[in-house]
Amino acid sequence: MSPLVLVPLLFILFLNLSLAENTINVQNYGAKSNGKTDSSKAFLSAWAVACSSTSPTTIYVPRGNYLIRTAYFNGQTCKSKAINIRIDGTLLAPSDYNVIGNAENWLKFEKVTGVSIYGGTLDGQGSGLWACKNSHKNCPKGTTALTFYNSNNIILSGVTTQNSQMFHILIDTCHNVKLQGVKISAPGNSPNTDGIHVKLSTGVSIMNSHIGTGDDCISIGPGNSNLWIEGIACGPGHGISIGSLGWKKEEPGVQNVTVKTVTFTETTNGVRVKTWARPSNGFVRRVLFQHIVMVNVQNPIIIDQNYCPNHEPCPRQGSGIQISDITYQDIHGTSATKTAVKLDCSKTNPCSSIKLEDLNLSYKGQSTEASCINARGRVSGLDKPTNCL
């Protein structure tokens with residue numbers, strides 16, 4: 001064989017061996033794919049090895065069902081800044097909700113950088129806890145399925161989360177997070193099963209995903225900026241919500257949010273901003289809702305600054321959250337109610353610079369109405385009463 005041919009072959013062989021050495025199979029650390037044996041320690045052992053590597057590493061989860069009680073992936077001492085987790089199987093939470101029902105998180109990543117999760121299914125097996133809650137018994141609060149806390153440069157791609165006890169995915173105090181091709185599902189009557197909740201984070205994008213749960217498809221908490229949401233199919237659920245905000249008086253605001261190319265199908269709300277009727281110095285500003293399709297949605301467009309369930313924790317004051325520079329553009333489809341636009345803004349801090357442009361929403365084949373209180377701005381392409389903006 002010619003030396004000129006041998007050198008490239010040796011290089012390819014060396015490269016393949018290097019890649020193999022940097023792939024960690026959880027089964028080699030004791031993980032069992034029978035769905036019955038607790039594999040928590042095996043996953044954490046694989047994580048520890050990946051963390052100790054100074055080069056990019058892949059943790060591989062083969063096909064099968066892997067029972068995990070809880071797992072805490074701490075990246076504080078990680079040398080690696082590029083850990084890929086490729087999942088071909090399903091991770092199962094315990095079916096007995098009492099096992100982890102009082103834990104705050106099922107799978108938690110904290111202080112990690114450069115972690116990417118590709119594929120796989122995370123099954124929270126939450127039906128037992130939902131039944132307990134719906135029967136008004138004394139039940140655990142429930143756990144969030146997947147949490148990233150205080151982390152940077154995160155990717156979730158092609159991941160399925162289903163039947164979480166509570167929130168499916170929580171992004172908390174993170175920077176530069178990309179979720180794409182995510183599928184989240186839970187029955188429409190499952191309580192508090194928000195699809196994705198984002199708080200205190202910057203540079204988060206959620207793209208090309210299908211979310212149907214018993215609560216908000218996506219909920220945006222305090223302290224978020226530069227959030228991009230595009231290509232979402234939402235339903236069942238409560239829509240996409242900014243809020244609720246303003247529970248605390250000292251609270252960071254929400255700004256620079258884009259929500260575009262979303263279809264809501266038979267959801268409770270479409271695009272919603274929700275704030276407590278309490279004093280607060282928070283704000284919502286520079287938000288764009290664009291290219292939205294509503295299919296039989298109860299409240300297609302809603303701002304609710306008098307949110308106060310049970311009328312107990314609110315001191316009967318106006319919301320302190322200042323809402324400004326919100327644009328609703330090219331929103332069409334069908335409303336399940338005659339009033340398709342409800343802007344109920346704070347009596348002490350009216351909404352300002354609200355723009356409604358190119359709206360075409362119908363109710364049973366007829367035009368819809370708008371109700372606006374304490375809102376100032378501009379309307380085009382919408383039948384509206386005289387009190388609207």
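**Notes on the cysteines and the main pocket**

1. Cysteine 174 counts as buried, at 4% relative accessibility (buried is under 20% relative accessible area, with a 1.4 Å probe and protein chains only). Bear in mind that this is a predicted model, where local features need pLDDT of at least 70, side-chain atom pairs count only at pLDDT 80 or more, and totals for chains, interfaces and linings use all residues. Residues are numbered from 1 along each chain as its sequence is written, and side-chain values use heavy atoms, with hydrogens and water left out.

2. The disulfide count is 4, taking a disulfide as a pair of cysteine sulfur atoms within 2.5 Å. One of them links cysteine 345 and cysteine 351, S to S 2.0 Å, and both of these cysteines are buried. Its S-S torsion is about -100°, so this one is left-handed. Cysteine 174, by contrast, is in no disulfide; the nearest cysteine sulfur belongs to cysteine 78, 15 Å away.

3. Cysteine 217 pairs with cysteine 234, S to S 2.1 Å. Here the torsion is about 85°, so the bond is right-handed.

4. As for the pocket lining, what is its make-up by class? The largest pocket is lined by 11 nonpolar, 15 polar and 13 charged residues.

Notes
Nonpolar A, V, L, I, M, F, W, Y, C, P; charged D, E, K, R; others polar. Buried < 20%, exposed > 50% of the residue type's maximum accessible area, 1.4 Å probe, protein only.
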